[in-house]
Amino acid sequence: MEIKRLHVGKTLSEVAIHNGTVYLAGQIAEDLTQNIEGQTREVLGHIDRLLAEAGSDKSRILMCQIYIADMKDFPGMNAVWNEWVADGNSPPRATVEAKLAKPEWLVEMVVTAAQK
């Protein structure tokens with residue numbers, strides 16, 4: 001079976017698609033001056049864009065893994081998530097505190113979704 005990759009770089013691909021399943025690389029904010037709410041909105045925007053490009057959308061998310069630099073930011077991240085998530089389609093999710101690759105990153109999300 002074919003594996004299709006989108007936005008392929010030296011270190012990683014932003015998207016891999018195999019057998020109708022879409023795998024996104026960890027998504028982070030580019031504007032690191034934002035607080036947790038701003039970074040979360042930006043990350044969710046990246047997820048929306050990449051899923052659309054791969055023939056999917058947020059209602060088709062199978063699993064989301066959320067890495068947050070400090071659990072004190074959990075309520076802010078979760079409030080933005082709850083505004084964004086598709087009604088009736090809240091996916092399985094894990095949220096863990098983690099030391100992210102850059103100290104300015106407050107949140108990183110990894111998504112697996114089904115194509116339409």
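This is a predicted model: local features need pLDDT of at least 70, side-chain atom pairs count only at pLDDT 80 or more; totals for chains, interfaces and linings use all residues.

Author: Let's begin where the helix does. At the start of H1, Asn35 has a side-chain oxygen within 3.1 Å of the backbone nitrogen of Glu37. From there H1 covers residues 36–53, which is 18 residues.

Now for what H1 hides. Its buried residues are Ile36, Gly38, Gln39, Thr40, Glu42, Val43, Leu44, His46, Ile47, Leu50 and Leu51. The cover over them comes from several elements, among them strands E1 (3–8), E2 (13–18) and E3 (21–24). Strand E4 (61–68), helix H2 (74–84) and strand E6 (107–114) are also part of that cover.

Step back to the loop between E3 and H1, and you'll find Gln27 there. Gln27 counts as buried because its relative accessibility is 5%, and the cut-off for buried is under 20%. Its contacts, setting aside neighbours within four places in sequence, include Val43, His46, Ile47 and Leu50, and those four are also on the list of buried residues of H1. Gln27 also touches Glu14, plus Val107, Glu108 and Met109. As for its own side chain, a polar atom there lies 2.9 Å from the backbone oxygen of Ala25.

On to the other end. Just after H1 comes Gly55, with a positive phi of about 80 degrees. Further on, in the loop between H1 and E4, sits Ser59. Ser59 has a relative accessible area of 32%, so it is partly exposed. The side chain of Ser59 makes a polar contact with that of Asp57, at 2.4 Å. Not counting residues up to four places away in sequence, Ser59 touches Ala86 and Asn89. The C-alpha atoms of Ser59 and Pro91 are 8.3 Å apart, although 32 residues separate the two along the chain.

One last thing, since phi came up with that glycine. Most residues other than glycine have a negative phi. His7, in strand E1, is not a glycine but has a positive phi of about 55 degrees. And remember, E1 is among the elements covering the buried residues of H1. His7 itself is partly exposed, at 41% relative accessibility. Asn19, in the loop between E2 and E3, also has a positive phi, near 50 degrees, and with a relative accessible area of 54% it is exposed.

Notes. Residues are numbered from 1 along each chain as its sequence is written. Side-chain values use heavy atoms; hydrogens and water are left out. Helices (H or I, at least four residues) and strands (E, at least two) are DSSP runs, numbered from the N terminus. The expected span of a helix is 1.5 Å times one less than its number of residues. Buried means under 20% relative accessible area, exposed over 50%, partly exposed in between (1.4 Å probe, protein chains only). Contact means heavy atoms within 4.5 Å. A polar contact is a pair of N or O atoms within 3.5 Å; within protein, one must be able to donate a hydrogen and the other to accept it, and residues adjacent in sequence count only if both atoms are side-chain atoms.
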